Amino acid sequence: MIEYIKGELTDLTPAQATVEAAGVGYGLNISLNTFSAIQGKKEVKLYVYEAIREDAYVLYGFVNKKEREMFELLITVNGVGANTARMMLSGMSVAELCNAISTGNSRLIQSIKGIGKMTAQRIIVDLRDKIVALGIAEEIPAGGQMAAPVNTQVRDEAVSALTMLGFSPAPTQKVVLQILQEQPDLPVEQVVKLALKQIK
C-alpha cells in the first residue's frame with residue numbers, strides 16, 4: 001500500500017498532479033483544494049488513495065490526511081463514487097463539508113454537481129457520527145457549529161499514543177479534543193496524562 005508520494009512536482013492541472021519520485025512519475029487525481037495548496041511548489045508530499053479495479057489502477061492524491069480520510073468516508077456512502085467524492089472536495093473544503101454534514105445542510109451538499117437530494121441526505125445520515133469519531137470534524141456542540149480549532153499535531157500524537165496503550169480510538173479522540181479545547185497549549189505528554197485519568 002502506498003501511504004504517500006514525496007517528490008518533484010513535474011506537471012499540474014486542476015484535476016491531476018504528476019509527482020516524480022525515485023525516477024518514477026506518478027499521475028495522481030486531485031481535488032481543486034489540493035491543486036490550490038500545491039500550486040507553485042516544486043517539491044510536494046501527497047497522501048495517496050489507491051483505487052484498484054479490474055480495468056484500471058488509479059491513484060488519488062491529497063494535500064493532507066484529513067482530506068484523504070474525508071474522501072475515504074464519502075466513497076463508503078451508497079451512490080458516491082471516487083469521482084463524485086473528488087468533485088465534492090473540489091467544491092468545498094473539508095471543514096465546510098464537515099459543517100454541512102454535522103448541521104444537516106443537505107441543500108448546501110446538493111449544490112455540488114452530481115449530488116441529488118437522496119444522496120445528500122444519505123451522506124448526512126451515514127457520516128454525521130463518523131466525522132466526529134474519526135476526528136475529521138472536531139467535537140460539534142449542540143448548536144451545530146464547528147468547535148474552535150485545536151493543535152492537530154498534538155491531538156493526533158496523543159490519540160495515537162493512547163490507542164497504542166490499548167484504548168479505543170473514538171472515546172480517546174473525544175477526551176483529547178475536550179482537553180485541548182480547554183487547554184490548547186498543553187504538550188503531548190500532558191494531554192496523554194490527563195486523558196489517562198479521564199478515559200472510562
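**Reading a helix crossing and a strand pair**

Modeller: Helix 4 and helix 6 are roughly perpendicular to each other, a term that covers angles of 65 to 115 degrees. This is a predicted model, in which local features need pLDDT of at least 70 and side-chain atom pairs count only at pLDDT 80 or more, while totals for chains, interfaces and linings use all residues. Residues are numbered from 1 along each chain as its sequence is written, and side-chain values use heavy atoms, with hydrogens and water left out.

Biologist: At what angle do helix 4 and helix 6 pack?

Modeller: Axes are lines fitted to C-alpha atoms, for helices over the stretch in contact, and angles run from 0 to 180 degrees between N-to-C directions. Here helix 4 (residues 94-102) and helix 6 (residues 117-133) pack at about 110°, their axes lying 8 Å apart.

Biologist: Which residues of helix 4 and helix 6 meet?

Modeller: With contact taken as heavy atoms within 4.5 Å, Cys98, Ile101 and Ser102 in helix 4 meet Ile123, Ile124, Leu127, Arg128 and Ile131 in helix 6. These residues divide into six nonpolar, one polar and one charged.

Biologist: Which residues of strand 2 form its covered face, and which its uncovered one?

Modeller: In a regular strand the side chains alternate between the two faces of the sheet. In strand 2 (residues 16-21), Ala17, Val19 and Ala21 make up the covered face, whereas Gln16, Thr18 and Glu20 make up the uncovered one.

Biologist: How many bridges pair strand 2 and strand 3?

Modeller: Two strands pair if DSSP finds at least two bridges between them; strand 2 and strand 3 (residues 24-29) have six, in the antiparallel sense, with Gln16 opposite Asn29 in strand 3.

Methods: Helix = DSSP H or I, 4+ residues; strand = E, 2+ residues; numbered from the N terminus. Parallel < 35°, antiparallel > 145°, perpendicular 65-115°, else oblique. Nonpolar A, V, L, I, M, F, W, Y, C, P; charged D, E, K, R; others polar. Buried < 20%, exposed > 50% of the residue type's maximum accessible area, 1.4 Å probe, protein only.
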